[in-house]
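Trainee: Could you take me through a close look at one part of this molecule? I'd like one connected account, with the terms spelled out as you go.

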Amino acid sequence: MALPEEPRAPRAPEPRDWTDEHVARWQPVLPGLDPVVEGAVTRMKKLSVHLRRVREQSLVDFDLERHEFDTLHKLAGRGGSAAPSELAQDLDLAPASVSGRLDALEKRGFVRRTQSTTDRRRVVVELTASGRETWLGAMDVLGHEEYRLLGVLTSEERTLLNDMLRRVMVEAESGGHTDWHA
């Protein structure tokens with residue numbers, strides 16, 4: 001004989017955010033508006049703006065210009081060492097532009113240029129300890145905010161969100177746009 005189920009307590013309503021009010025305001029104006037799609041897209045936009053602001057503030061806090069951070073980031077992504085031509089390719093810049101960036105970063109002690117040990121005609125750019133520390137500091141600020149925001153989800157929910165966003169991005173990337181890697 002099966003035991004009767006315990007009655008479930010009603011779930012508290014989800015807290016409302018700015019986007020809920022935005023959708024409610026526009027639904028009467030645009031009767032065909034899908035509130036779920038509008039809500040999801042608006043929330044993604046607002047989260048993107050929020051994270052961009054946090055990143056920009058971290059650059060101010062670490063006295064970095066955006067282009068300096070980008071250069072340090074690309075160099076770190078290559079294990080802390082790269083040829084200037086590789087950085088130019090990664091940054092989608094002309095080699096002369098990268099040279100100017102490297103001059104400024106070298107003056108600040110964030111990178112050093114040395115001759116290649118295998119080919120004396122080649123220069124190797126290396127991230128210094130100070131450059132790595134500054135880059136990591138700026139990265140940590142954003143990373144902490146990302147974890148704070150996604151920390152409201154369980155591990156399974158974060159995995160599900162990541163998987164769903166991947167499906168959306170695969171569709172977006174198949175649309176022929178080439179600016180996804182910025």
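Mentor: Happy to! Let's begin with H67, which is found in helix 3 (residues 66-77); helices (H or I, at least four residues) and strands (E, at least two) are DSSP runs, numbered from the N terminus. This is a predicted model, in which local features need pLDDT of at least 70 and side-chain atom pairs count only at pLDDT 80 or more, while totals for chains, interfaces and linings use all residues. Residues are numbered from 1 along each chain as its sequence is written, and side-chain values use heavy atoms, leaving out hydrogens and water.

H67 has a relative accessible area of 35%, so it counts as partly exposed; buried means under 20%, exposed over 50%, and partly exposed in between, with a 1.4 Å probe and protein chains only. Along the chain, H67 and V98 are 31 residues apart, and their C-alpha atoms are separated by 9.9 Å.

Two strands pair if DSSP finds at least two bridges between them. Strand 1 is joined to strand 3 (residues 123-127) by 2 bridges, and these strands run antiparallel; across from A82 you will find V125 of strand 3. On the other pairing, 5 bridges link strand 2 with strand 3, again antiparallel, and T114 has V124 in strand 3 as its bridge partner.

M44 is partly exposed because its relative accessible area is 39%.
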